[in-house]
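The sequence and the structure are shown first.

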Amino acid sequence: MGAALGLSERTRGRTAPNPNVGAILVRDGIVVGRGWTQSGGRPHAEAMALAQAGAKSRGATCYVTLEPCAHVSPRGPACADLLAEAGVARVAIALGDPDPRTNGQGVATLRAAGIDVVEGLAESQARAAMAGFLTRQAKGRPFVTLKLATSLDGRIALPSGESRWITGPEARAHAHVERARHEAILVGRGTWESDRPGLDVRLPGLESRSPRRLVLSADGDIAHPADIAKLEAVDHVLVEGGAETAAAFLRENLVDRLLLYRAPILIGAGKSALGDIGLADLASAHGRWRLADTRMLGSDRLEVYASF
């Protein structure tokens with residue numbers, strides 16, 4: 001299942017409104033098929049793995065990160081039906097599908113075909129891998145990551161506005177990988193007009209993964225943070241700046257994940273990373289974030305926080 005989860009990450013940020021699913025077929029201890037949801041949402045992971053395995057699918061075990069779909073689409077057949085027709089013996093599923101068109105029906109179809117089904121394998125990891133799809137299903141909006149690159153004292157620029165570069169090349173490269181995992185990237189109007197950021201992916205081989213660029217302003221692409229719910233085929237939004245835009249998303253409790261790149265420098269007087277986030281007292285600041293990951297990127301430290 002860990003390998004299937006790894007495959008699911010290959011097209012994260014490219015499958016919306018479909019989930020990014022991974023699937024692996026194993027027969028007699030040998031992997032005979034691998035699949036992951038392709039860009040645009042089709043083919044599904046199971047269909048790709050079955051096509052690769054061919055006749056070797058019969059009697060195999062399918063490890064899949066999400067319950068196989070049970071609904072027939074103009075774009076393709078139901079994966080639960082495909083698995084049954086292929087004659088797989090067992091299906092191990094990480095997570096049930098909350099989509100009402102499938103929710104439980106995929107498992108029911110498999111069991112009705114005499115297939116042994118195991119559920120809940122690596123469920124928490126699957127939730128993290130498909131956070132965009134699951135957030136859209138549960139909250140009706142994309143999963144939002146807020147990126148902040150600061151000095152040790154929480155500054156994002158000198159008083160003059162100079163901010164290139166606070167972090168080093170390794171941290172900046174990692175930030176470009178993050179861009180490649182999102183359908184959309186958003187900045188405020190002030191950042192857009194003052195910096196004219198490219199907001200693209202500038203890593204060799206990943207240039208085609210540049211996200212859709214959005215500007216938050218009264219006359220921009222998005223007028224209010226909550227308007228991200230209206231975006232079509234967008235399940236992951238990366239908010240990159242500036243301080244007031246970041247604060248606006250935090251005030252409306254729309255941030256699910258924080259990427260904090262911290263450089264080992266002190267700036268002193270300068271521009272703060274955040275504006276007013278509407279905090280009434282210190283007590284309410286606690287219990288909102290948990291540390292999910294930390295690592296060194298060159299001389300900079302990355303801290304990843306998830307919202308409770």
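## R181 and its surroundings

Apart from residues within four places of it in sequence, R181 is in contact with E9, R12, G13 and H236. The model discussed here is a predicted one. R181 is placed in the loop that runs between α7 (169-180) and β8 (184-188).

With E9, R181 makes a salt bridge in which the closest N and O atoms are 3.0 Å apart. The side chains of R181 and E9 are also joined by a polar contact of 3.0 Å.

The protein comprises domain 1 (1-133) and domain 2 (141-307). Taken over C-alpha atoms, the centres of the two domains are separated by 33 Å. In the contact between them, twelve residues of domain 1 meet 13 residues of domain 2.

The size of an interface is often expressed as the accessible area that is lost when the parts come together. For domain 1 and domain 2, the buried area is about 1000 Å², of which 42% is on carbon and sulfur atoms. Six residue pairs are in polar contact across this interface, with both residues at pLDDT 80 or more. On the side of domain 1 that touches domain 2, the residues are four nonpolar, four polar and four charged. One salt bridge is found across the interface of domain 1 and domain 2.

## Salt bridges

Side chains of opposite charge can pair when their charged atoms come close. The count for this model comes to 19 salt bridges.

One of them joins the side chains of K139 and D256, with an N to O distance of 3.9 Å. This pair links distant parts of the chain, 117 residues apart: K139 belongs to helix α6 (residues 131-139), and D256 to the loop between α9 (243-251) and β11 (257-262). What is the relative accessibility of K139, and does this count as buried or exposed? K139 has a relative accessibility of 56% and therefore counts as exposed. D256, by contrast, counts as buried because its relative accessibility is 10%, under the 20% limit for a buried residue.

A salt bridge also forms between E240 and K147, where the closest N and O atoms are 3.8 Å apart. E240 in strand β10 (residues 236-241) and K147 in strand β6 (residues 143-150) are 93 residues apart, and the pair links distant parts of the chain. Both residues, E240 and K147, are buried.

R202 and D200 form a further salt bridge, their closest N and O atoms being 2.4 Å apart. R202 counts as partly exposed because its relative accessibility is 48%. D200 is likewise partly exposed, at 25% relative accessibility.

## R179 in helix α7

R179 is a residue of helix α7. Its relative accessibility is 8%, so R179 counts as buried. A polar contact of 2.9 Å connects the side chain of R179 with that of E240.

Neighbours within four places in sequence being set aside, the contacts of R179 are I185, L199, D200, V201, R202, R209, P211, L238 and E240. Among these contacts are D200 and R202, the two residues that pair in a salt bridge with closest N and O atoms 2.4 Å apart.

T15 is found in the loop between α1 (2-8) and β1 (22-27). T15 is buried because its relative accessible area is 3%. The side chain of T15 reaches the backbone oxygen of N18 at 2.8 Å, and the backbone nitrogen of N20 at 3.5 Å. Beyond its neighbours within four places in sequence, T15 is in contact with N20, T37, Q38, G40, G41 and E183. The C-alpha atoms of T15 and A233 are separated by 8.0 Å, although these residues are 218 residues apart along the chain.

V31 lies in strand β2 (residues 30-36). With a relative accessibility of 35%, V31 counts as partly exposed. Its contacts, neighbours within four places in sequence again left aside, are I24, L25 and V26. Between the C-alpha atoms of V31 and C62, which are 31 residues apart along the chain, the separation is 9.8 Å.

Terms used:
Residues are numbered from 1 along each chain as its sequence is written. This is a predicted model: local features need pLDDT of at least 70, side-chain atom pairs count only at pLDDT 80 or more; totals for chains, interfaces and linings use all residues. Side-chain values use heavy atoms; hydrogens and water are left out. Domain bounds come from an automatic or database domain assignment. Contact means heavy atoms within 4.5 Å. Buried area is the accessible area (1.4 Å probe) that two parts lose on being put together, summed over both. A salt bridge is a side-chain nitrogen of Lys or Arg within 4 Å of a carboxyl oxygen of Asp or Glu. A polar contact is a pair of N or O atoms within 3.5 Å; within protein, one must be able to donate a hydrogen and the other to accept it, and residues adjacent in sequence count only if both atoms are side-chain atoms. Ala, Val, Leu, Ile, Met, Phe, Trp, Tyr, Cys and Pro count as nonpolar, Asp, Glu, Lys and Arg as charged, and the others, Gly among them, as polar. Helices (H or I, at least four residues) and strands (E, at least two) are DSSP runs, numbered from the N terminus. Buried means under 20% relative accessible area, exposed over 50%, partly exposed in between (1.4 Å probe, protein chains only).
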